[in-house]
Amino acid sequence: QVQLVESGGGLVQPGGSLRLSCVASGSIFSIYVMGWYRQAPGKQRELVAAITSGGSTNYADSVKGRFTISRDNVNTMHLQMNSLKPEDTAVYYCSARRQQSMSITYWGQGTQVTVSS
């Protein structure tokens with residue numbers, strides 16, 4: 001019902017910046033919350049940041065002050081990542097939940113972010 005496509009990942013040096021984007025299609029007008037998760041090798045997937053349709057945001061403690069989540073229209077979301085650290089290296093996934101069925105999470109295919117000198 002909801003399809004998500006991420007872009008913007010890549011290789012960056014410590015202290016650098018990247019901007020991830022996610023475009024949603026399908027039943028986009030029913031989306032209540034969109035967010036970014038990441039999964040590093042050998043680690044569980046963790047929530048990085050989320051934003052509701054009303055604009056409320058939430059961040060993991062590890063990224064507060066460095067990352068900013070935003071939505072510039074109903075179906076587009078961004079994650080501005082500044083002051084990147086090697087520990088930010090992971091596959092980043094866009095996610096979304098519909099208000100009608102909050103138990104179902106939709107996922108994008110993931111985009112690789114590598115922070116290394």
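Is Arg66 buried or exposed? Arg66 has 10% relative accessibility, so it counts as buried. Buried here means under 20% relative accessible area, exposed means over 50%, and partly exposed lies in between, with a 1.4 Å probe and protein chains only.

Some ground rules before I go on. This is a predicted model, where local features need pLDDT of at least 70 and side-chain atom pairs count only at pLDDT 80 or more, while totals for chains, interfaces and linings use all residues. Residues are numbered from 1 along each chain as its sequence is written, and side-chain values use heavy atoms, with hydrogens and water left out.

Let's start with the sheet. Strands carry the letter E. They are DSSP runs of at least two residues, numbered from the N terminus. Four of them form an open sheet, in the order E1-E3-E8-E7. The pairing is antiparallel. Two strands pair if DSSP finds at least two bridges between them. In general, strands of a sheet pair through backbone hydrogen bonds, either parallel or antiparallel.

Which strands sit at the edges? Strand E1 (2-7) and E7 do, and each pairs on one side only. From one strand to the next, the twist averages 20°. That angle is taken between N-to-C directions, on a scale from 0 to 180 degrees, with axes fitted as lines to C-alpha atoms.

Now look at E1 and E3. Six bridges join them. Glu6 stands opposite Cys22 in E3.

Stay in E3, which covers residues 18-26, and find Leu20. Leu20 counts as buried because its relative accessibility is 0%. Leaving out residues up to four places away in sequence, Leu20 touches, among others, Trp36, Leu79, Tyr92 and Val113. Gly10 is ten residues from Leu20 along the chain, and their C-alpha atoms are separated by 9.6 Å.

Next comes Ser21, also found in strand E3. Ser21 is at 17% relative accessibility, so it counts as buried. What joins the side chains of Ser21 and His78? A polar contact of 2.9 Å does. A polar contact is a pair of N or O atoms within 3.5 Å; within protein, one must be able to donate a hydrogen and the other to accept it, and residues adjacent in sequence count only if both atoms are side-chain atoms. Ser21 also touches Val5, Glu6 and Ser7, among others.

On to charges. A salt bridge is a side-chain nitrogen of Lys or Arg within 4 Å of a carboxyl oxygen of Asp or Glu. How many are there by this rule? The count comes to four.

Arg38 forms one with Asp88, and the closest N and O atoms are 2.9 Å apart. That pair links distant parts of the chain: Arg38 is in strand E4 (residues 31-39), Asp88 in the loop between E8 and E9, 50 residues apart. Both Arg38 and Asp88 are buried.

Asp88 also bridges to Arg66, at 2.8 Å between the closest N and O atoms. Here the separation is 22 residues, with Arg66 in the loop between strand E6 (57-59) and strand E7 (67-73). Arg38, Glu46, Arg66 and Asp88 are linked in a network of salt bridges.

Asp61 and Lys64 form another salt bridge, 3.1 Å from N to O. Asp61 counts as exposed because its relative accessible area is 64%.

Last stop, Ser83. Ser83 lies in the loop between strand E8 (76-81) and strand E9 (90-98). Ser83 has a positive phi of about 50°, although it is not a glycine. At 41% relative accessibility, Ser83 counts as partly exposed.

Conventions: Helices (H or I, at least four residues) and strands (E, at least two) are DSSP runs, numbered from the N terminus. Contact means heavy atoms within 4.5 Å.
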